[in-house]
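Visitor: Please take a close look at one part of this structure. I would like the surroundings first, then the detail.

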Amino acid sequence: MKTIRCLIDLLLDLHVNQCLMSEEDVIREMGGFIFAGYDTSSHVMSWTLYFLGRFQEIQDKVYLELQSIFQNDMNRIITVDDVLKMTYLECVIKESMRIYPPVPIFGRKNPYEIKIDDYILPPKSTISICTYAIHHNPSVYENPEVFDPDRFLPENFKKLHPYAFLPFSAGPRNCIGGKLAMVEMKTVLANVLRNFKVYSLDSQDKIVTSFEVLLSPISGIRMRVEKR
């Protein structure tokens, strides 16, 4: 029977037994893994609750979807099948990530020369891709500043360019935890919304963001929570 090892065991094997990684490399990789799997998801859930608190009609639609899934037992444990049925909640999460992508910029290095229009990028150039700019580009999204989860309904999403939506990056070096993150976020948000109704206390123009590694609200997000 094949044994599946966790990430830290694989990294330590590369360091101790195969001498392919230094101790500093192991620490760096684990730090990045923890950071990428914790802070990003918590930021997305915070922004999603903020938008649900601003647009009560959208929050009501999410709650109706949850009612249709859980029927008369809104407090039972959420299963994988339940998560798969949360299609509108997923649209809301994706639209939140479109407007406030957790990682607004990511980098790549091209191994070969690339020609883009009249510009030539030499080999091993560092290229920065601005997710935030793509997600707010009116030539990519109509009325990009408007919060509209319907953009991500299957019939609408399939019309977008494959690289129009990049909250988890793209290509062979995209986020390995993207699908797990979506399951986690849907589970946590569903639990919150089954039990509470949320209200946002500030308009979007009052929230100042910090454009650093993560796109963060400088002074936090003020919310009011009511028991359902």
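Guide: Accessible areas here come from the Shrake-Rupley method with a 1.4 Å probe; for residues, only the protein chains shown count as cover. On that basis the protein chain exposes about 14,200 Å². Carbon and sulfur atoms supply 58% of this area.

This is a predicted model: local features need pLDDT of at least 70, side-chain atom pairs count only at pLDDT 80 or more, and totals for chains, interfaces and linings use all residues. Residues are numbered from 1 along each chain as its sequence is written, and side-chain values use heavy atoms, leaving out hydrogens and water.

The protein chain has 8 helices and 8 strands. Helices (H or I, at least four residues) and strands (E, at least two) are DSSP runs, numbered from the N terminus. Buried residues make up 36% of the 228 residues. Buried means under 20% relative accessible area, exposed over 50%, partly exposed in between (1.4 Å probe, protein chains only).

Ile176 sits in the loop between α7 (154–157) and α8 (178–195). Why is Ile176 classed as exposed? Because its relative accessible area is 76%.

In α8, the buried residues include Gly178, Met182, Leu189 and Asn195. The 18 residues of α8 should span 26 Å at 1.5 Å a residue. The expected span is 1.5 Å times one less than the number of residues. The end C-alpha atoms of α8 are 26 Å apart, which agrees.
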